[in-house]
Amino acid sequence: MIDWSIIAGSLPDFLAGLKVTLGLLAISLATGLLLSVPLAVARVSSNPWVSRPVWLYTYVIRGTPLLVQLFIVYYGFAQIDFVRHSALWDLFKNAWFCAWFAFALNTTAYTTEIIAGALKATPHGEIEAARSVGMSSFSLYARILLPSALRRALPQYGNEAVGMMHATAIASTVTLVDLTRVARDVYANHLVTVEAFGTVAIFYFVLTFALVGLFKVAEHYGLRHLRAQTERSTVAISGAEMKTK
Amino acid sequence: MASPYVLNADNITKRFGSVEVLRGVSVAAKPGDVIALIGSSGSGKSTFLRCLNLLERPNAGQIQLKGESLALKPDRDGALSASDPAQLRKFRARIAMVFQHFNLWAHMSAEKNVMEPLTTVLGLTRGEATERAGHYLSKVGVSHRKDAYPAHLSGGEQQRVAIARALAMEPEVMLFDEPTSALDPELVGEVLRVMRAVAEEGRTMIVVTHEMSFAREVSSEVVFLSKGIVEERGPPQELLSRPRTERLQGFLANTLK
(Lines give C-alpha, C1' and ligand atoms only; values in the text may rest on other atoms or scores of the structure.)
Protein backbone atom coordinates (compact mmCIF):
# COMPACT_ATOMS: atom_id res chain seq x y z
CA MET A 1 0.00 0.00 0.00
CA ILE A 2 1.05 3.55 -0.62
CA ASP A 3 2.03 5.36 2.54
CA TRP A 4 0.39 8.74 1.95
CA SER A 5 1.84 10.19 5.15
CA ILE A 6 5.35 9.91 3.70
CA ILE A 7 4.29 11.74 0.55
CA ALA A 8 2.46 14.41 2.54
CA GLY A 9 5.38 14.80 4.91
CA SER A 10 7.94 15.21 2.13
CA LEU A 11 5.79 17.48 -0.02
CA PRO A 12 7.52 20.68 1.20
CA ASP A 13 10.84 19.11 0.19
CA PHE A 14 9.48 18.23 -3.23
CA LEU A 15 8.24 21.78 -3.71
CA ALA A 16 11.66 23.12 -2.75
CA GLY A 17 13.19 20.68 -5.25
CA LEU A 18 10.73 21.83 -7.88
CA LYS A 19 11.99 25.38 -7.42
CA VAL A 20 15.57 24.26 -7.95
CA THR A 21 14.65 22.24 -11.06
CA LEU A 22 12.69 25.11 -12.58
CA GLY A 23 15.34 27.67 -11.68
CA LEU A 24 18.10 25.61 -13.24
CA LEU A 25 15.99 24.96 -16.34
CA ALA A 26 15.08 28.62 -16.74
CA ILE A 27 18.61 30.02 -16.49
CA SER A 28 20.04 27.26 -18.71
CA LEU A 29 17.44 27.69 -21.45
CA ALA A 30 17.63 31.48 -21.31
CA THR A 31 21.42 31.44 -21.63
CA GLY A 32 21.22 28.82 -24.36
CA LEU A 33 18.72 30.75 -26.44
CA LEU A 34 20.63 34.01 -26.06
CA LEU A 35 23.93 32.44 -27.15
CA SER A 36 22.61 30.15 -29.85
CA VAL A 37 21.09 32.87 -32.05
CA PRO A 38 24.44 34.56 -32.86
CA LEU A 39 26.17 31.15 -32.92
CA ALA A 40 23.63 29.81 -35.44
CA VAL A 41 24.22 32.84 -37.65
CA ALA A 42 27.95 32.11 -37.44
CA ARG A 43 27.29 28.41 -38.08
CA VAL A 44 25.65 29.13 -41.46
CA SER A 45 28.29 31.68 -42.48
CA SER A 46 29.99 31.03 -45.79
CA ASN A 47 33.29 31.98 -44.18
CA PRO A 48 34.86 28.73 -42.86
CA TRP A 49 36.88 30.64 -40.23
CA VAL A 50 33.56 31.65 -38.71
CA SER A 51 31.47 28.53 -39.25
CA ARG A 52 33.98 25.76 -38.52
CA PRO A 53 34.71 26.66 -34.86
CA VAL A 54 30.97 26.67 -34.15
CA TRP A 55 30.60 23.36 -35.95
CA LEU A 56 33.42 21.88 -33.84
CA TYR A 57 31.83 23.13 -30.63
CA THR A 58 28.40 21.68 -31.39
CA TYR A 59 29.99 18.46 -32.69
CA VAL A 60 31.99 17.87 -29.51
CA ILE A 61 29.18 18.81 -27.13
CA ARG A 62 26.58 16.77 -28.98
CA GLY A 63 28.99 13.86 -29.15
CA THR A 64 29.41 13.49 -25.37
CA PRO A 65 26.88 12.81 -22.59
CA LEU A 66 25.71 15.70 -20.46
CA LEU A 67 26.62 13.74 -17.30
CA VAL A 68 30.24 13.52 -18.46
CA GLN A 69 30.25 17.21 -19.32
CA LEU A 70 28.94 18.09 -15.87
CA PHE A 71 31.54 15.88 -14.17
CA ILE A 72 34.33 17.49 -16.19
CA VAL A 73 33.14 20.93 -15.15
CA TYR A 74 32.44 20.06 -11.52
CA TYR A 75 35.27 17.64 -10.70
CA GLY A 76 37.68 18.22 -13.56
CA PHE A 77 38.06 22.00 -13.45
CA ALA A 78 38.86 21.76 -9.74
CA GLN A 79 41.99 19.76 -10.64
CA ILE A 80 43.43 22.53 -12.76
CA ASP A 81 45.81 24.69 -10.74
CA PHE A 82 45.10 27.71 -12.87
CA VAL A 83 41.40 27.51 -12.03
CA ARG A 84 42.00 26.88 -8.34
CA HIS A 85 44.29 29.86 -7.98
CA SER A 86 42.27 32.39 -9.89
CA ALA A 87 39.03 34.25 -9.48
CA LEU A 88 37.40 31.46 -11.50
CA TRP A 89 37.56 29.22 -8.46
CA ASP A 90 34.90 31.31 -6.72
CA LEU A 91 32.62 30.34 -9.56
CA PHE A 92 33.58 26.74 -10.20
CA LYS A 93 33.53 25.64 -6.57
CA ASN A 94 29.83 26.45 -6.59
CA ALA A 95 27.66 23.51 -7.67
CA TRP A 96 24.93 25.83 -8.97
CA PHE A 97 27.38 27.61 -11.20
CA CYS A 98 28.84 24.33 -12.51
CA ALA A 99 25.41 22.92 -13.29
CA TRP A 100 24.32 26.13 -15.02
CA PHE A 101 27.59 26.29 -16.95
CA ALA A 102 27.42 22.66 -18.15
CA PHE A 103 23.69 22.76 -18.96
CA ALA A 104 23.96 26.07 -20.82
CA LEU A 105 26.96 24.77 -22.77
CA ASN A 106 24.97 21.67 -23.69
CA THR A 107 21.64 23.22 -24.64
CA THR A 108 23.39 26.00 -26.55
CA ALA A 109 25.00 23.38 -28.80
CA TYR A 110 21.70 21.67 -29.58
CA THR A 111 19.77 24.92 -29.96
CA THR A 112 22.45 26.32 -32.26
CA GLU A 113 22.04 23.34 -34.57
CA ILE A 114 18.25 23.61 -34.47
CA ILE A 115 18.29 27.30 -35.41
CA ALA A 116 21.06 26.83 -37.97
CA GLY A 117 19.01 24.06 -39.59
CA ALA A 118 15.97 26.32 -39.76
CA LEU A 119 18.07 29.16 -41.18
CA LYS A 120 19.43 26.89 -43.90
CA ALA A 121 15.93 25.75 -44.76
CA THR A 122 14.80 29.30 -45.60
CA PRO A 123 13.48 29.30 -49.17
CA HIS A 124 16.16 30.82 -51.37
CA GLY A 125 13.65 33.03 -53.15
CA GLU A 126 12.88 34.90 -49.94
CA ILE A 127 16.56 35.76 -49.61
CA GLU A 128 16.73 36.90 -53.23
CA ALA A 129 13.66 39.06 -52.76
CA ALA A 130 15.30 40.74 -49.77
CA ARG A 131 18.50 41.29 -51.72
CA SER A 132 16.61 42.58 -54.76
CA VAL A 133 15.01 45.43 -52.81
CA GLY A 134 18.42 46.49 -51.50
CA MET A 135 18.33 45.10 -47.96
CA SER A 136 21.63 44.98 -46.10
CA SER A 137 22.84 41.66 -44.71
CA PHE A 138 21.96 42.85 -41.22
CA SER A 139 18.37 43.65 -42.23
CA LEU A 140 18.18 40.37 -44.10
CA TYR A 141 18.96 38.47 -40.90
CA ALA A 142 17.08 40.71 -38.51
CA ARG A 143 13.90 41.08 -40.56
CA ILE A 144 13.65 38.01 -42.80
CA LEU A 145 15.89 35.08 -41.89
CA LEU A 146 15.75 35.01 -38.10
CA PRO A 147 12.06 35.84 -37.63
CA SER A 148 11.14 33.14 -40.10
CA ALA A 149 13.68 30.56 -38.87
CA LEU A 150 12.92 31.02 -35.18
CA ARG A 151 9.24 30.35 -35.82
CA ARG A 152 9.95 27.26 -37.88
CA ALA A 153 12.35 26.04 -35.18
CA LEU A 154 9.63 26.15 -32.50
CA PRO A 155 8.51 22.48 -32.65
CA GLN A 156 12.08 21.20 -32.47
CA TYR A 157 13.03 23.72 -29.82
CA GLY A 158 10.06 22.58 -27.76
CA ASN A 159 11.51 19.06 -27.77
CA GLU A 160 14.89 20.44 -26.74
CA ALA A 161 13.30 22.35 -23.83
CA VAL A 162 11.47 19.24 -22.61
CA GLY A 163 14.65 17.17 -23.00
CA MET A 164 16.58 19.76 -21.03
CA MET A 165 13.94 19.72 -18.29
CA HIS A 166 14.40 15.96 -17.89
CA ALA A 167 18.17 16.40 -18.06
CA THR A 168 18.18 18.71 -15.03
CA ALA A 169 17.82 15.52 -12.98
CA ILE A 170 21.54 15.11 -13.60
CA ALA A 171 22.18 18.10 -11.33
CA SER A 172 21.28 15.83 -8.42
CA THR A 173 24.68 14.16 -8.85
CA VAL A 174 26.57 17.32 -7.88
CA THR A 175 24.91 18.08 -4.53
CA LEU A 176 22.05 20.21 -5.89
CA VAL A 177 18.77 19.35 -4.20
CA ASP A 178 16.47 19.29 -7.21
CA LEU A 179 13.35 17.15 -7.62
CA THR A 180 15.33 13.97 -8.31
CA ARG A 181 17.62 14.52 -5.34
CA VAL A 182 14.61 14.99 -3.08
CA ALA A 183 13.20 11.71 -4.37
CA ARG A 184 16.46 9.93 -3.66
CA ASP A 185 16.54 11.36 -0.14
CA VAL A 186 12.96 10.26 0.52
CA TYR A 187 13.85 6.80 -0.73
CA ALA A 188 17.00 6.66 1.42
CA ASN A 189 15.16 7.79 4.54
CA HIS A 190 12.09 5.59 4.23
CA LEU A 191 13.12 2.86 1.75
CA VAL A 192 9.87 3.29 -0.17
CA THR A 193 10.04 3.29 -3.96
CA VAL A 194 6.57 4.30 -5.11
CA GLU A 195 6.24 7.14 -2.59
CA ALA A 196 9.64 8.52 -3.55
CA PHE A 197 10.03 7.97 -7.29
CA GLY A 198 6.34 7.70 -8.17
CA THR A 199 5.75 11.12 -6.69
CA VAL A 200 8.69 12.69 -8.49
CA ALA A 201 7.60 11.05 -11.75
CA ILE A 202 4.23 12.75 -11.42
CA PHE A 203 5.98 16.09 -10.85
CA TYR A 204 8.04 15.64 -14.02
CA PHE A 205 4.99 14.42 -15.92
CA VAL A 206 2.98 17.52 -15.04
CA LEU A 207 5.95 19.76 -15.86
CA THR A 208 6.37 18.07 -19.22
CA PHE A 209 2.75 18.58 -20.18
CA ALA A 210 2.83 22.17 -19.01
CA LEU A 211 5.87 22.80 -21.22
CA VAL A 212 4.39 20.95 -24.18
CA GLY A 213 1.19 22.97 -23.78
CA LEU A 214 3.16 26.20 -23.63
CA PHE A 215 4.91 25.36 -26.89
CA LYS A 216 1.63 24.33 -28.51
CA VAL A 217 0.31 27.81 -27.77
CA ALA A 218 3.52 29.40 -29.06
CA GLU A 219 3.34 27.32 -32.24
CA HIS A 220 -0.30 28.23 -32.72
CA TYR A 221 0.64 31.90 -32.92
CA GLY A 222 4.13 31.58 -34.36
CA LEU A 223 3.28 29.21 -37.21
CA ARG A 224 -0.07 30.64 -38.23
CA HIS A 225 1.40 31.63 -41.58
CA LEU A 226 2.23 28.03 -42.49
CA ARG A 227 -1.02 26.43 -41.39
CA ALA A 228 -3.47 25.43 -44.06
CA GLN A 229 -6.62 27.46 -43.76
CA THR A 230 -9.03 24.61 -43.45
CA GLU A 231 -11.56 25.79 -40.91
CA ARG A 232 -13.96 27.30 -43.40
CA SER A 233 -13.44 24.68 -46.08
CA THR A 234 -13.83 21.74 -43.66
CA VAL A 235 -17.16 23.11 -42.57
CA ALA A 236 -18.16 23.39 -46.20
CA ILE A 237 -17.00 19.85 -46.98
CA SER A 238 -18.64 18.30 -43.93
CA GLY A 239 -21.79 20.16 -44.88
CA ALA A 240 -21.62 18.63 -48.32
CA GLU A 241 -21.07 15.16 -46.87
CA MET A 242 -24.08 15.56 -44.66
CA LYS A 243 -26.23 16.15 -47.69
CA THR A 244 -24.99 13.13 -49.61
CA LYS A 245 -25.68 10.79 -46.71
CA MET B 1 25.30 65.18 -70.70
CA ALA B 2 22.71 63.05 -68.99
CA SER B 3 22.12 59.62 -70.43
CA PRO B 4 18.86 59.23 -72.35
CA TYR B 5 18.55 55.76 -70.85
CA VAL B 6 17.07 54.81 -67.51
CA LEU B 7 18.86 51.50 -67.57
CA ASN B 8 21.69 50.65 -69.88
CA ALA B 9 23.24 47.21 -69.69
CA ASP B 10 26.16 46.84 -72.01
CA ASN B 11 27.82 43.70 -73.27
CA ILE B 12 26.79 41.45 -70.39
CA THR B 13 28.69 38.17 -70.41
CA LYS B 14 28.08 35.26 -68.07
CA ARG B 15 29.71 31.86 -67.76
CA PHE B 16 28.63 28.96 -65.57
CA GLY B 17 31.82 26.97 -65.44
CA SER B 18 32.78 26.40 -69.05
CA VAL B 19 29.28 27.08 -70.38
CA GLU B 20 28.84 30.56 -71.84
CA VAL B 21 25.27 31.50 -71.00
CA LEU B 22 25.48 35.13 -72.13
CA ARG B 23 27.88 36.18 -74.84
CA GLY B 24 27.70 39.95 -74.76
CA VAL B 25 24.06 40.99 -74.45
CA SER B 26 23.14 44.68 -74.43
CA VAL B 27 19.77 46.17 -73.60
CA ALA B 28 18.99 49.85 -73.06
CA ALA B 29 15.69 51.18 -71.78
CA LYS B 30 14.50 54.77 -72.20
CA PRO B 31 11.88 56.17 -69.83
CA GLY B 32 8.56 54.44 -70.41
CA ASP B 33 10.01 51.63 -72.49
CA VAL B 34 8.59 48.16 -72.04
CA ILE B 35 11.16 45.70 -73.28
CA ALA B 36 10.08 42.10 -73.70
CA LEU B 37 12.84 39.49 -73.57
CA ILE B 38 11.79 36.33 -75.34
CA GLY B 39 13.59 33.14 -76.22
CA SER B 40 13.48 29.43 -75.59
CA SER B 41 14.52 28.04 -72.21
CA GLY B 42 18.26 28.08 -71.82
CA SER B 43 18.61 31.10 -74.10
CA GLY B 44 19.89 33.14 -71.12
CA LYS B 45 17.03 35.60 -70.82
CA SER B 46 16.40 35.05 -67.11
CA THR B 47 20.11 35.03 -66.38
CA PHE B 48 20.45 38.34 -68.21
CA LEU B 49 17.63 39.88 -66.17
CA ARG B 50 19.20 38.64 -62.93
CA CYS B 51 22.55 40.15 -63.94
CA LEU B 52 20.93 43.58 -64.08
CA ASN B 53 20.58 43.80 -60.28
CA LEU B 54 23.52 41.48 -59.64
CA LEU B 55 21.48 38.58 -58.26
CA GLU B 56 23.65 36.79 -60.78
CA ARG B 57 27.21 38.05 -61.13
CA PRO B 58 28.22 38.67 -64.73
CA ASN B 59 31.74 37.92 -65.92
CA ALA B 60 31.94 41.07 -68.00
CA GLY B 61 29.83 44.05 -68.91
CA GLN B 62 28.59 47.35 -67.58
CA ILE B 63 25.40 48.45 -65.92
CA GLN B 64 24.29 52.07 -65.84
CA LEU B 65 21.29 53.49 -64.06
CA LYS B 66 20.40 57.02 -65.20
CA GLY B 67 23.98 57.46 -66.40
CA GLU B 68 25.52 56.27 -63.14
CA SER B 69 27.74 53.23 -63.56
CA LEU B 70 27.62 50.40 -61.05
CA ALA B 71 31.20 49.96 -59.88
CA LEU B 72 32.25 46.36 -60.47
CA LYS B 73 35.38 44.44 -59.63
CA PRO B 74 36.39 40.91 -60.58
CA ASP B 75 36.41 38.25 -57.85
CA ARG B 76 38.81 35.35 -57.57
CA ASP B 77 36.41 33.16 -59.53
CA GLY B 78 36.40 35.64 -62.39
CA ALA B 79 32.85 36.91 -61.91
CA LEU B 80 32.19 40.57 -61.21
CA SER B 81 30.80 41.82 -57.93
CA ALA B 82 30.01 45.30 -56.69
CA SER B 83 33.05 47.10 -55.37
CA ASP B 84 30.83 49.24 -53.16
CA PRO B 85 28.07 47.26 -51.38
CA ALA B 86 26.29 50.47 -50.38
CA GLN B 87 26.08 51.57 -54.03
CA LEU B 88 24.72 48.15 -55.00
CA ARG B 89 22.01 48.38 -52.32
CA LYS B 90 21.01 51.83 -53.62
CA PHE B 91 20.91 50.50 -57.18
CA ARG B 92 18.77 47.57 -56.16
CA ALA B 93 16.34 49.82 -54.31
CA ARG B 94 15.86 51.73 -57.59
CA ILE B 95 15.42 48.55 -59.66
CA ALA B 96 12.50 46.47 -58.44
CA MET B 97 12.13 42.85 -59.37
CA VAL B 98 9.13 40.55 -59.68
CA PHE B 99 9.97 36.86 -59.61
CA GLN B 100 8.54 33.79 -61.26
CA HIS B 101 7.79 32.20 -57.89
CA PHE B 102 6.62 35.45 -56.23
CA ASN B 103 9.16 35.12 -53.40
CA LEU B 104 6.96 36.75 -50.81
CA TRP B 105 8.20 36.54 -47.23
CA ALA B 106 6.13 33.72 -45.81
CA HIS B 107 6.01 34.93 -42.20
CA MET B 108 4.59 38.31 -43.10
CA SER B 109 1.09 39.30 -44.16
CA ALA B 110 0.54 40.72 -47.64
CA GLU B 111 0.56 44.24 -46.22
CA LYS B 112 3.75 43.65 -44.22
CA ASN B 113 5.43 42.26 -47.33
CA VAL B 114 4.83 45.55 -49.10
CA MET B 115 5.75 47.66 -46.06
CA GLU B 116 8.96 45.86 -45.10
CA PRO B 117 11.34 47.30 -47.74
CA LEU B 118 9.74 50.71 -47.33
CA THR B 119 10.66 50.89 -43.65
CA THR B 120 13.96 48.97 -43.64
CA VAL B 121 15.39 50.14 -46.96
CA LEU B 122 13.76 53.46 -47.83
CA GLY B 123 13.46 54.57 -44.21
CA LEU B 124 9.78 55.47 -44.29
CA THR B 125 7.89 55.65 -41.00
CA ARG B 126 5.35 52.95 -40.23
CA GLY B 127 2.52 55.36 -40.92
CA GLU B 128 3.88 56.38 -44.30
CA ALA B 129 4.61 52.77 -45.21
CA THR B 130 1.11 51.63 -44.23
CA GLU B 131 -0.42 54.35 -46.35
CA ARG B 132 1.76 53.61 -49.36
CA ALA B 133 1.21 49.85 -49.03
CA GLY B 134 -2.54 50.40 -48.92
CA HIS B 135 -2.37 52.53 -52.05
CA TYR B 136 -0.45 49.97 -54.10
CA LEU B 137 -2.32 46.95 -52.76
CA SER B 138 -5.61 48.49 -53.87
CA LYS B 139 -4.01 49.41 -57.18
CA VAL B 140 -3.31 45.72 -57.89
CA GLY B 141 -6.68 44.76 -56.45
CA VAL B 142 -5.69 42.77 -53.37
CA SER B 143 -6.29 45.29 -50.56
CA HIS B 144 -9.11 43.11 -49.23
CA ARG B 145 -6.51 40.37 -48.62
CA LYS B 146 -3.91 42.58 -46.92
CA ASP B 147 -3.94 40.64 -43.64
CA ALA B 148 -3.58 37.23 -45.29
CA TYR B 149 -0.30 35.34 -45.26
CA PRO B 150 1.19 34.39 -48.63
CA ALA B 151 0.41 30.68 -48.13
CA HIS B 152 -3.26 31.60 -47.83
CA LEU B 153 -3.36 33.55 -51.10
CA SER B 154 -3.85 32.16 -54.59
CA GLY B 155 -0.89 32.29 -56.97
CA GLY B 156 -2.39 35.22 -58.82
CA GLU B 157 -2.97 37.12 -55.59
CA GLN B 158 0.56 36.38 -54.43
CA GLN B 159 2.03 37.68 -57.66
CA ARG B 160 -0.10 40.82 -57.48
CA VAL B 161 1.14 41.42 -53.92
CA ALA B 162 4.69 40.95 -55.23
CA ILE B 163 3.99 43.53 -57.95
CA ALA B 164 2.61 45.89 -55.29
CA ARG B 165 5.78 45.33 -53.25
CA ALA B 166 7.89 46.27 -56.27
CA LEU B 167 5.69 49.24 -57.23
CA ALA B 168 5.70 50.62 -53.68
CA MET B 169 9.46 51.07 -53.94
CA GLU B 170 8.60 53.60 -56.68
CA PRO B 171 11.51 52.29 -58.69
CA GLU B 172 12.99 53.66 -61.88
CA VAL B 173 12.91 50.30 -63.63
CA MET B 174 10.89 47.18 -62.96
CA LEU B 175 12.22 43.75 -63.86
CA PHE B 176 9.77 40.90 -64.36
CA ASP B 177 11.22 37.39 -64.46
CA GLU B 178 8.60 35.16 -66.13
CA PRO B 179 5.91 36.52 -63.80
CA THR B 180 3.13 34.27 -65.07
CA SER B 181 5.01 31.03 -65.70
CA ALA B 182 4.27 29.53 -62.28
CA LEU B 183 0.57 30.36 -62.39
CA ASP B 184 -2.38 28.16 -63.22
CA PRO B 185 -3.72 29.15 -66.65
CA GLU B 186 -6.87 30.73 -65.26
CA LEU B 187 -4.81 33.03 -63.01
CA VAL B 188 -2.51 34.35 -65.74
CA GLY B 189 -5.00 36.94 -66.96
CA GLU B 190 -5.34 38.86 -63.70
CA VAL B 191 -1.56 39.27 -63.41
CA LEU B 192 -1.15 40.31 -67.06
CA ARG B 193 -3.93 42.88 -66.62
CA VAL B 194 -2.07 44.43 -63.68
CA MET B 195 1.19 44.46 -65.65
CA ARG B 196 -0.53 46.07 -68.59
CA ALA B 197 -1.93 48.78 -66.30
CA VAL B 198 1.53 49.35 -64.85
CA ALA B 199 2.99 49.70 -68.34
CA GLU B 200 0.26 52.13 -69.37
CA GLU B 201 1.27 54.42 -66.50
CA GLY B 202 4.51 54.92 -68.37
CA ARG B 203 6.75 52.87 -66.12
CA THR B 204 9.97 51.48 -67.51
CA MET B 205 9.82 47.70 -67.56
CA ILE B 206 11.99 44.82 -68.69
CA VAL B 207 9.95 41.66 -68.90
CA VAL B 208 11.11 38.11 -69.50
CA THR B 209 8.02 36.40 -70.78
CA HIS B 210 6.49 33.54 -72.72
CA GLU B 211 3.27 35.50 -73.22
CA MET B 212 3.55 36.47 -76.88
CA SER B 213 0.31 38.43 -76.86
CA PHE B 214 1.64 40.53 -73.98
CA ALA B 215 4.89 41.11 -75.85
CA ARG B 216 2.98 42.04 -79.00
CA GLU B 217 0.41 44.35 -77.42
CA VAL B 218 2.24 45.99 -74.52
CA SER B 219 5.95 46.12 -75.27
CA SER B 220 7.77 48.85 -77.11
CA GLU B 221 10.66 46.60 -78.07
CA VAL B 222 11.08 42.85 -78.30
CA VAL B 223 14.50 41.29 -77.82
CA PHE B 224 14.88 37.70 -78.97
CA LEU B 225 17.72 35.88 -77.24
CA SER B 226 19.14 32.66 -78.53
CA LYS B 227 22.14 30.77 -77.17
CA GLY B 228 23.33 33.78 -75.21
CA ILE B 229 23.24 36.42 -77.93
CA VAL B 230 20.64 38.85 -79.20
CA GLU B 231 19.49 37.14 -82.37
CA GLU B 232 16.96 39.76 -83.32
CA ARG B 233 15.41 42.91 -81.84
CA GLY B 234 12.85 45.44 -82.92
CA PRO B 235 9.32 46.80 -82.56
CA PRO B 236 6.93 44.00 -81.56
CA GLN B 237 4.54 44.14 -84.53
CA GLU B 238 7.32 43.94 -87.05
CA LEU B 239 9.49 41.44 -85.25
CA LEU B 240 6.70 39.03 -84.34
CA SER B 241 4.89 39.27 -87.69
CA ARG B 242 7.92 39.21 -89.94
CA PRO B 243 10.78 37.45 -88.19
CA ARG B 244 13.93 37.69 -90.28
CA THR B 245 16.05 34.97 -88.74
CA GLU B 246 15.36 31.29 -89.02
CA ARG B 247 15.75 30.83 -85.25
CA LEU B 248 13.03 33.36 -84.44
CA GLN B 249 10.79 31.90 -87.13
CA GLY B 250 11.24 28.47 -85.57
CA PHE B 251 10.70 29.82 -82.04
CA LEU B 252 7.51 31.63 -83.00
CA ALA B 253 6.20 28.64 -84.92
CA ASN B 254 6.63 26.53 -81.79
CA THR B 255 5.17 29.00 -79.28
CA LEU B 256 2.22 30.23 -81.32
CA LYS B 257 0.94 26.76 -82.03
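**View 1. Chain A of the predicted model is built from 12 helices and zero strands.** Here helices (H or I, at least four residues) and strands (E, at least two) are DSSP runs, numbered from the N terminus. This is a predicted model, in which local features need pLDDT of at least 70 and side-chain atom pairs count only at pLDDT 80 or more, while totals for chains, interfaces and linings use all residues. Residues are numbered from 1 along each chain as its sequence is written, and chains are lettered from A and ligands numbered from 1 in the order in which they are written. Along its principal axes, the C-alpha trace of chain A spans about 65 × 65 × 25 Å.

**View 2. Chain B meets chain A through 22 residues of its own and 20 residues of chain A.** Two residues are in contact if their C-beta atoms, placed from the backbone, lie within 7 Å. On the side of chain B that touches chain A, two or more residues each come from helix H2 (85-94), strand S8 (95-98) and helix H3 (110-120) of chain B, and the largest share, four residues, belongs to H2(B).

**View 3. Helix H5 (residues 155-168) and helix H6 (residues 185-200) of chain B have axes that come within 8 Å and cross at roughly 20°.** Axes are lines fitted to C-alpha atoms, for helices over the stretch in contact, and angles run from 0 to 180 degrees between N-to-C directions. H5(B) and H6(B) are therefore roughly parallel to each other, a term for angles under 35 degrees. Among the residues that make the contact are Ile163(B) and Leu167(B) of H5(B), together with Val191(B) and Val194(B) of H6(B).

Terms used: Parallel < 35°, antiparallel > 145°, perpendicular 65-115°, else oblique.
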